[in-house]
Amino acid sequence: MAAFLIRRLLGAIVLLFITSMVTFAIFFIVPRIAGQSVDQLAAQYVGKDPSQAEIEATKVKLGLDKPLVVQYGQFVKGIVAGRDFEFGPDKEYCPPPCFGYSFKTQRPVWPDLVDRIGVTASLAAGASILWLIAGVAIGVLSALRKGTFFDRAAMLVALGGVSLPIFFTGLLSLALFRPSGVNYVPLTENPLEWADNLLLPWVTLAFLYAALYARLTRAGMLETMGEDFIRTARAKGLTEPIVVTRHALRATLTPILTVFGLDIGLLLGGAVLTESTYSLPGIGRYAIDAINNNDLPQVLGVTMLAALFIVLANLTVDILYAVADPRVRL
């Protein structure tokens, strides 16, 4: 198990390194390949209507006048150990992880992301618990009662959940249950108000994902229940609940864990539609505002943070694989 964990950790580190290279290329190399000059690239990091003096100062501050290898080294150094930004004769230290300074607020991007990650994590955690429990439970029951009214009704609801977009169900739920809107309150200030304001976003988001998990679990259970080892378990005299939970469901968990890890990673990177629909001040809403304001340092920060969460989610899934199925360790 230790060797398996070491391999996966090293793989995650390499993947993060590759992600940093791809992200750097998208923001700093691809524009040059597309024909942008260094001045035009620097102008994008100044804001609207920049003067030539501001463009020259930005080139020096970001090191855009240096070779690409040096620029990438400074980029990685800023994320890992922080970096100095030159403002004429003065220097300002940006602590790690440093993604630069916002055009609009002139604040470091990372503290803004930290302020908002709690909202996104709260939304993702509550919704994921709901959709995982509801989706897996409904999928198992539908598989065990294949062809019954419950099975057909559950799959019909699941089909509706997958088909309806979040902005439709979100706006509809607001109009029916919360016309006054949602006002996010941090968990540390008032746990009851925190849960009360997030309950509707949790249910709305869970409805979309639970439908997918129900269909996935049902398909996996139907395939597994016909396997030889299930018949062997029943022949040994094991009760049906033990056969279903310890044998059939455990064998079905692998694809569910895969999808669950990816979904959690994507949500922690910003549940854009849900946060925009309910006006939640999370990472997704932050990304929308950054794009609208053409605030490239903020967009860069969200991109790297989302990539980090996805890599960590995949690492967690790999570890859970080894727990659910010991054969994966080999």
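This tour goes through a predicted model one selection at a time. Residues are numbered from 1 along each chain as its sequence is written, and side-chain values use heavy atoms, with hydrogens and water left out. Local features need pLDDT of at least 70 and side-chain atom pairs count only at pLDDT 80 or more, while totals for chains, interfaces and linings use all residues.

**Helix α7**

Select residues 166-177, which are helix α7 (helices are DSSP runs of H or I, at least four residues, and strands runs of E, at least two, numbered from the N terminus). α7 has 12 residues and reaches 16 Å from its first C-alpha to its last, close to the 16 Å expected at 1.5 Å a residue (the expected span is 1.5 Å times one less than the number of residues).

Now pick Ile-166, Thr-169, Gly-170, Ser-173 and Leu-174, which are buried. Buried means under 20% relative accessible area, exposed over 50% and partly exposed in between, with a 1.4 Å probe and protein chains only. Seen down the axis of α7, the buried residues fall within an arc of 135°, so they line one face of the helix (the arc is that of the directions from the helix axis to the C-beta atoms). Show α8 (191-224) and α11 (272-277), which are included in what covers these residues. Turned away from the buried side are the exposed residues Leu-171, Ala-175 and Leu-176.

**The nonpolar patch**

Select Val-157, Leu-164, Phe-167, Phe-168, Leu-172, Leu-176, Phe-177, Phe-207 and Leu-273; they form a nonpolar surface patch with about 870 Å² of accessible area together. Such a patch joins nonpolar side chains (Val, Leu, Ile, Met, Phe, Trp, Tyr) within 5 Å, from residues with over 30% relative accessible area and no salt bridge (a Lys or Arg side-chain nitrogen within 4 Å of a carboxyl oxygen of Asp or Glu). Areas come from the Shrake-Rupley method with a 1.4 Å probe. Helix α7 gives the largest share, 5 residues. Phe-177, in α7, is exposed at 62% relative accessibility. Phe-168, also in α7, is partly exposed at 41%.

**Helix α1**

Go to Ser-20 in helix α1 (residues 2-33), which is buried at 7% relative accessible area. Ser-20 touches Tyr-72, Phe-75, Val-76 and Met-304, not counting residues up to four places away in sequence (contact means heavy atoms within 4.5 Å).

**Backbone stops**

Pro-96 and Pro-97 are joined by a cis peptide bond, with omega about -10°. Finish at Asn-294, in the loop between α12 and α13 (296-324), where phi is near 55°, a positive value in a residue other than glycine.

Technical notes: Patches are made of residues with over 30% relative accessible area and no salt bridge: like charges are joined within 9 Å, nonpolar side chains (Val, Leu, Ile, Met, Phe, Trp, Tyr) within 5 Å.
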